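Here is a short briefing to read with the model open beside you. Take a look at the sequence and structure first, then work through the points below.

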Amino acid sequence: MSKHFVPENLPDHLQHYIDGKFVDSIGGKTFEVQDPVSNQAYATAAAGQPEDVDVAVAAAKRAFKEGPWSKMLPRERSRVLHKIADIVESRDDELALLESFDSGLPITQAKGQARRAAENFRFFADLIVAQHDNATKVPGRQINYVNRKPIGVAALITPWNVPFMQESWKLAPAIATGNTVVMKPASYTPLSASLWPEIFEQAGLPTGVFNLVFGSGGVAGDYLVKHPDVPIVSFTGDSSTGAVISTAAAPLFKSLSLELGGKSPAVVFADADIEAALDATVFGVFSLNGERCTAGSRVLVQRDIYDDFVARFAERAKNIVVGLPSDPATEVGSLVHQNHFDKVMSYIEIGKSEGRLLAGGGRAEGFPTGNYVAPTVFADVAPDARIFQEEIFGPVVAITPFDTDEEALELANNTKYGLAAYVWTSDLKRAHNFAHSIESGMVWLNSNNVRDLRTPFGGVKASGLGREGGYRSIDFYTTQQSVQINLNEAHSPKFGVQTSRKTGDA
Ligand code: NDP
């Protein structure tokens, strides 16, 4: 096995970035950050407390009120966003190394994420310039138009899986539309987030527009969500956290976007292109270490092809290269943290009594330390099994047979989640009808998870609330004020013009 790779010039301490300055927590609190291969602390990070969040929100509020960012022309903001994209692209390799080191993602997959992060900025840089709203006219009487405005300080709370890309996904539309932000990244993976300040400064983003506070979700995150000067909250993470955030934000009527967990079905009919379906379903659950909200973690296979498909799926899973995240040959790296490793391993133990174990089933061979899980396949999993119902968020798949379209649909919809779905069939009518009946925010037909940034992203049921992506992100991060102009006489009923009425007349 090659040696654990530690990037050069790794910082040993990460600070908040508030109002254009790197600062520690006011009370000096810190927490340790580990890498997922050695499970040793490689740095400390400032642990944000309520007083630190107060300072960050005040800076963001001041920057919003005083400008210039919120008042700039879209073209001027667009130029800054394009510069951000250029810088991210130019630092692709370095970013990927840090991301892979901090999160355990295979380096080849981390590279793709850095490119996507740059693309998020480029996409919204273009969109805000092209963006326009309708005006309507009532001939001779009225013209109406939409005055679209940024809202204020946005709280961006992000998870540890593909952290830099997830952060860019929220940062780009939030600032493109003229808001200012306070971002709280996941505590397991703060490293790549610490690159944003330098990138933003180089690109010319004005001071105070971007503020970064590290710290625990239950303290810094919770206080940020409840802060009265924060009208927008965009959160990606676990469904149970989403419920807590929803409750905390409700009394203040905040704009809320929740992108939560999933247990997405990949449905393979007997008439599908089996080779393509096999490639996609194996990739769909094992890529990004299985730590993927849209993972096709339940594979439903039509009975006629079931035995063959399952055998080939298991064979592929056994051949997957588990290895050091830094090794370009690695297909599945190390899970993000010991706690998450323990959670995934506990589901594997549960699975052993719920399904037929065909591959994996524990720690990856040859890796006595680190958070390495062997790609694990359970077949014949019943729909009431916990490994069928609950999100594992690791390289573990549950495979279940079905006979009819109706049965497949019932199985597909039989979880509390509804994020993504994948359908494999060569029957056009079936593909569309089946897709329309699936309870999910997104469906891919005969395709792996390929995103077009213009399409809405989000889930139904316990997978989330609201949509981001393309114009939906612009809608989320702005308010639309409707302005009505009268073109003619003001036709108001004349109240209070009768002068003859006296007290007691009635
Ligand atoms: P968590 O919900 O635990 O954490 C997400 C973020 O929220 C972290 O920054 C966390 O901080 C913070 N947080 C935790 N509690 C609170 C709180 N009470 N108030 C405010 N913020 C809080 O999720 P994970 O980081 O464990 O991410 C994995 C989960 O995210 C999976 O379930 C996955 O499905 C889901 N996910 C969904 C995606 C989607 O788009 N639908 C995409 C990616 C992931 P801290 O790190 O300090 O705990």
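The notes below cover the domains, the nonpolar cores, an annotated site and some charged pairs.

This is a predicted model, in which local features need pLDDT of at least 70 and side-chain atom pairs count only at pLDDT 80 or more, while totals for chains, interfaces and linings use all residues. Residues are numbered from 1 along each chain as its sequence is written, and side-chain values use heavy atoms, with hydrogens and water left out.

**Domains and their interface**

- The chain is divided into domain 1 (13–260 + 459–483) and domain 2 (265–445), with bounds that come from an automatic or database domain assignment.
- The C-alpha centres of domain 1 and domain 2 lie 31 Å apart.
- Their contact (heavy atoms within 4.5 Å) takes 27 residues from domain 1 and 36 residues from domain 2.
- Domain 1 and domain 2 bury about 2,500 Å² between them, 55% of it on carbon and sulfur atoms; buried area here is the accessible area (1.4 Å probe) that two parts lose on being put together, summed over both.
- Trp160, Tyr188 and Lys461 supply 21% of the area that domain 1 buries against domain 2, more than any other three residues.
- One salt bridge is found across the interface of domain 1 and domain 2, where a salt bridge is a side-chain nitrogen of Lys or Arg within 4 Å of a carboxyl oxygen of Asp or Glu.

**Nonpolar cores**

- A nonpolar core is a set of buried Ala, Val, Leu, Ile, Met, Phe, Trp, Tyr and Cys residues joined through side-chain atoms within 4.5 Å; buried means under 20% relative accessible area, exposed over 50%, and partly exposed in between (1.4 Å probe, protein chains only).
- The largest nonpolar core has 98 residues, and those with the most contacts inside it include Phe121, Trp196 and Phe210.
- Helix α4 (residues 107–130) gives the most to this core, with nine residues; helices (H or I, at least four residues) and strands (E, at least two) are DSSP runs, numbered from the N terminus.
- Both domain 1 and domain 2 contribute at least three residues to this core.
- Another core, of 25 residues, lies apart from it, and Leu335 and Tyr347 are among its members.
- Trp196 touches Phe121, Ser168 and Phe210, among others.
- Ser168 lies in helix α5 (residues 163–176) and is buried, with a relative accessible area of 0%.

**The annotated site**

- UniProt places the feature "active site" at Glu259, in an unreviewed entry; UniProt positions are given in the numbering used here, feature names are shortened, and annotations may be inferred rather than shown by experiment.
- Glu259 lies in strand β12 (residues 255–259) and counts as buried, at 6% relative accessibility.
- Not counting residues up to four places away in sequence, Glu259 touches residues including Trp169, Phe235 and Glu468.

**Charged pairs**

- The salt-bridge count comes to 21.
- Arg122 pairs with Asp86 in a salt bridge, the closest N and O atoms being 2.6 Å apart.
- Arg122 lies in helix α4 and Asp86 in helix α2 (residues 74–90), so this pair ties together parts that are 36 residues apart in sequence.
- Asp86, Glu89 and Arg122 are linked in a network of salt bridges.
- Glu439 and Lys461 meet through their side chains in a salt bridge (2.7 Å, N to O).
- Asp475 forms a salt bridge with Arg148, with the closest N and O atoms 3.0 Å apart.
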